[in-house]
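Subject: Structure handover

Hello,

Here is the structure I promised you. Please open it alongside this message. My findings follow below.

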Amino acid sequence: MIVLGAFVGLGIHVLYLSKALSYLSDDPKTCVNCHVMAPQYATYQHSSHREVATCNDCHVPHNNVFNKYFFKAKDGLRHATMFALRMEPEVIFILEEGREVVHNNCIRCHSQTLTDPKLASQVPQHTHNTQGRVCWDCHREVPHGRVNSLSSVPNARVPVPSSPIPDWMKDYLKETDTK
């Protein structure tokens, strides 16, 4: 019984440290709970999408609530595992499943652009250019620019995750360091 209590307590503590509840929201600041996402957050903050979309609007399926949270949980667990085991790559690339989700969300939000008869009549090869390819074949820098690594936006201002160490413990550690 004591072992079970210890595991439950440890589990609750891990959930607290990982800010697990924040992942249920659509707040873009959640994406920088993990420091390797800082360049993506910084470039998103300077994009036109910042005014109309959150990270989840592009990176999570919207076909039903179950699929949205299943995808977030699966993708988040993979991200957390890679981060905890220090396996995160310096250059982040989206996986194929995520690419499909992002492409579907581009179409969901911009479908009127793809089917606009005025654009089709005025833009050469409009139909040809909007069929059979992903949106970022042409719009590569939307919304993250040319982000490849942490060093690509060295002076970016992003919310820094707060320390999980309580103030009383920080004070105690400072006192023991000076002795």
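Buried residues make up 18% of the 179 residues in this protein. Please keep in mind that the model is predicted.

**Confidence**

The mean pLDDT of the protein is 83. A score of at least 70 is reached by 89% of the residues. Among the elements, helix α3 (residues 55-59) has the highest mean pLDDT, at 94. The lowest mean, 77, belongs to α8. Where pLDDT is low, the predicted coordinates should not be read in detail.

**Overall layout**

The protein has eight helices and zero strands. Read from the N terminus, the order is therefore α-α-α-α-α-α-α-α. Contacts with a separation of 6 or more are 70% between residues 24 or more positions apart. The accessible surface is about 13,300 Å². Carbon and sulfur atoms account for 63% of that surface.

Start with helix α1, residues 2-17. Its 16 residues reach 22 Å from the first C-alpha to the last. That is close to the 22 Å expected at 1.5 Å a residue. Just after α1 comes K19, with a positive phi of about 55 degrees.

Which residues of α2 are buried? They are A38, P39, Q40, Y41, A42, T43 and Y44. That makes seven of the eight residues of this helix (residues 38-45), so α2 is largely enclosed by the rest of the structure.

**Backbone points to check**

Most residues other than glycine have a negative phi, and most peptide bonds are trans.

- R86 has a positive phi, near 60 degrees, and is not a glycine. R86 sits in the loop between α4 (65-84) and α5 (96-115). Its relative accessibility is 57%, so R86 counts as exposed.
- V142 and P143 are joined by a cis peptide bond, with omega at about -10 degrees. P143 lies in the loop between α7 (126-129) and α8 (167-178).

**Salt bridges**

How many salt bridges does the structure hold? The count is seven. Side chains of opposite charge can pair when their charged atoms come close.

E97 pairs with K74, and their closest N and O atoms are 2.7 Å apart. This pair links distant parts of the chain: E97 is in helix α5, K74 is in helix α4, and 23 residues separate them. E97 has 43% relative accessibility and counts as partly exposed. K74, at 35%, also counts as partly exposed.

E96 and R99 form another salt bridge, at 3.6 Å from N to O. Both residues are in helix α5. They are three residues apart there, so about one helical turn separates them. Is E96 buried or exposed? E96 has 57% relative accessibility, and the cut-off for exposed is over 50%, so E96 counts as exposed. R99 is at 29% and counts as partly exposed.

R133 and D137 also meet through their side chains, with 4.0 Å from N to O. R133 has 32% relative accessibility, so this residue is partly exposed. D137 is partly exposed as well, at 40%.

**Around V134**

V134 is found in the loop between α7 and α8. Its relative accessibility is 22%, so V134 counts as partly exposed. What does V134 touch, not counting residues up to four places away in sequence? The answer is R99 and H103. R99 is also the salt-bridge partner of E96. The C-alpha atoms of V134 and C106 are separated by 9.1 Å. Along the chain, V134 and C106 are 28 residues apart.

**A nonpolar surface patch**

I165, W168, M169, Y172 and L173 form a nonpolar patch on the surface. Together they have about 520 Å² of accessible area. Y172 belongs to helix α8. At 49% relative accessibility, Y172 counts as partly exposed. Remember the confidence figures when you inspect this part: α8 has the lowest mean pLDDT among the elements, 77.

Best wishes

Conventions. Residues are numbered from 1 along each chain as its sequence is written. This is a predicted model: local features need pLDDT of at least 70, side-chain atom pairs count only at pLDDT 80 or more; totals for chains, interfaces and linings use all residues. Side-chain values use heavy atoms; hydrogens and water are left out. Buried means under 20% relative accessible area, exposed over 50%, partly exposed in between (1.4 Å probe, protein chains only). Helices (H or I, at least four residues) and strands (E, at least two) are DSSP runs, numbered from the N terminus. Contact means heavy atoms within 4.5 Å. Accessible areas come from the Shrake-Rupley method with a 1.4 Å probe; for residues, only the protein chains shown count as cover. Patches are made of residues with over 30% relative accessible area and no salt bridge: like charges are joined within 9 Å, nonpolar side chains (Val, Leu, Ile, Met, Phe, Trp, Tyr) within 5 Å. pLDDT is the predictor's confidence in each residue, from 0 to 100. The expected span of a helix is 1.5 Å times one less than its number of residues.
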